[in-house]
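Me: I would like to learn how to read a few features of this model. Could you take them one at a time, with the general idea before the case?

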Amino acid sequence: MYTNAFIAAAALAVGASAQSYSASFTEYGSTDSWGSGNCNVATTACGYYTSPGYSAAVSQNEFGVGPGAGAGPGCGTCWKLTIETDSSGNAVSNAGNSIVVQVTNLCPADGNPLCAQSSLTSTNQYGANLNFDTCIDSGASAALFGSSGVGLGVGTATVVDCSEWSGTVVS
């Protein structure tokens with residue numbers, strides 16, 4: 001069975017347009033309010049981190065495996081994230097701001113409704129097919145959210161060729 005990441009990469013290789021999804025955006029890392037550790041470390045589910053380069057965890061429906069299963073097929077995929085609104089649907093001050101991230105971690109479905117979509121056609125409570133938990137420690141959160149004042153945004157995510165991502169993988 002082919003994974004979503006494989007299909008998207010194959011489409012990019014033959015010049016087809018990439019699939020875009022409705023996405024929600026959150027943040028995690030060493031300065032979040034949940035007491036998370038540094039998210040830019042080699043103990044991510046993918047087993048590597050980025051330095052430099054923006055990274056994120058992606059919801060389990062795209063990552064491809066659950067917690068404790070190691071690197072999923074979503075590891076290493078690159079996505080262009082574009083923020084448009086806050087969680088209430090109001091335009092954010094930096095609407096249209098985009099960054100490219102590389103997936104280095106899993107946003108697990110269990111106990112996390114933002115990442116509990118069962119497929120790429122199902123949605124979370126914000127109408128998003130995917131959630132990207134942007135890594136504070138890689139700079140992704142600051143770059144995406146900017147000075148918008150929000151910590152949960154909604155917009156689009158489009159798979160892109162990793163040549164559009166600026167960074168280095170560290171294992």
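Reply: Start with the naming of elements. Helices and strands are DSSP runs, numbered from the N terminus. The model is a predicted one. In this scheme, Ser122 sits in the loop between E5 and E6.

Me: Is Ser122 buried or exposed?

Reply: Buried means under 20% relative accessible area. Ser122 has a relative accessible area of 18%, so Ser122 is buried.

Me: What is Ser122 in contact with, leaving aside its neighbours within four places in sequence?

Reply: With that exclusion, the contacts of Ser122 are Gln117, Ala128 and Asn129. A polar atom of the Ser122 side chain also lies 3.0 Å from the backbone oxygen of Ser119.

Me: How many aromatic pairs does the structure hold, and how is the geometry of one read?

Reply: The structure holds 2 aromatic pairs. One of them joins Tyr21 and Trp79, at 6.2 Å centre to centre and 50° between the planes, and is tilted. Planes under 30 degrees apart would count as stacked and over 60 as edge-to-face, so 50° falls to the tilted class.

Me: Which parts of the chain does the pair of Tyr21 and Trp79 tie together?

Reply: Tyr21 belongs to strand E1 (residues 20-28) and Trp79 to strand E4 (residues 78-86), so the pair links parts that are 58 residues apart in sequence. Tyr21 counts as buried at 16% relative accessibility, and Trp79 counts as buried at 2%. Together with Phe132, Tyr21 and Trp79 form one aromatic cluster.

Me: How should I read a nonpolar core?

Reply: In soluble globular proteins, nonpolar side chains tend to be buried together. Here the largest nonpolar core has 25 residues. Those with the most contacts inside it are Phe25, Phe63, Trp79, Leu81, Val101, Leu130 and Phe132.

Me: Which elements each supply at least two residues of this core?

Reply: They are E1, strand E3 (55-59), E4, strand E5 (98-107), strand E6 (130-135), helix H3 (140-145) and strand E7 (153-160). E5 gives the largest share, 4 residues. Another core, of 9 residues, lies apart from the largest one; among its members are Ala57, Cys115, Cys135 and Leu152.

Me: What does Leu130 touch, not counting residues up to four places away in sequence?

Reply: The residues touched by Leu130 include Tyr21, Ala23, Val58, Trp79 and Leu120.

Me: What volume does the largest pocket have?

Reply: The volume is about 240 Å³. The pocket is lined by 17 residues, and the closest to its centre are Thr26, Glu27, Tyr28, Asn112 and Asp133. E1, E5 and E6 are the elements that give two or more residues to the lining.

Me: Which residues does a cis peptide bond join?

Reply: Most peptide bonds are trans. Ser51 and Pro52 are joined by a cis one, with omega about -5°. Pro52 is placed in the loop between strand E2 (49-50) and E3.

Definitions and conventions: Residues numbered from 1 in each chain as written. Predicted model: local features only at pLDDT ≥ 70, side-chain atom pairs only at ≥ 80, totals over all residues. Heavy atoms only, no water. Phe/Tyr/Trp six-rings, centres within 6.5 Å; stacked < 30°, edge-to-face > 60°. Buried < 20%, exposed > 50% of the residue type's maximum accessible area, 1.4 Å probe, protein only. Core = buried A, V, L, I, M, F, W, Y, C linked by side-chain atoms within 4.5 Å. Contact = heavy atoms within 4.5 Å. Polar contact = N/O pair within 3.5 Å; in protein donor to acceptor, adjacent residues only side chain to side chain. 1 Å grid on protein atoms, 1.4 Å probe; cavity = no way out; pocket = protein on both sides within 12 Å on 5 of 7 lines; lining within 4 Å. Points joined across faces, edges and corners; volume = space filled by probe spheres on them.
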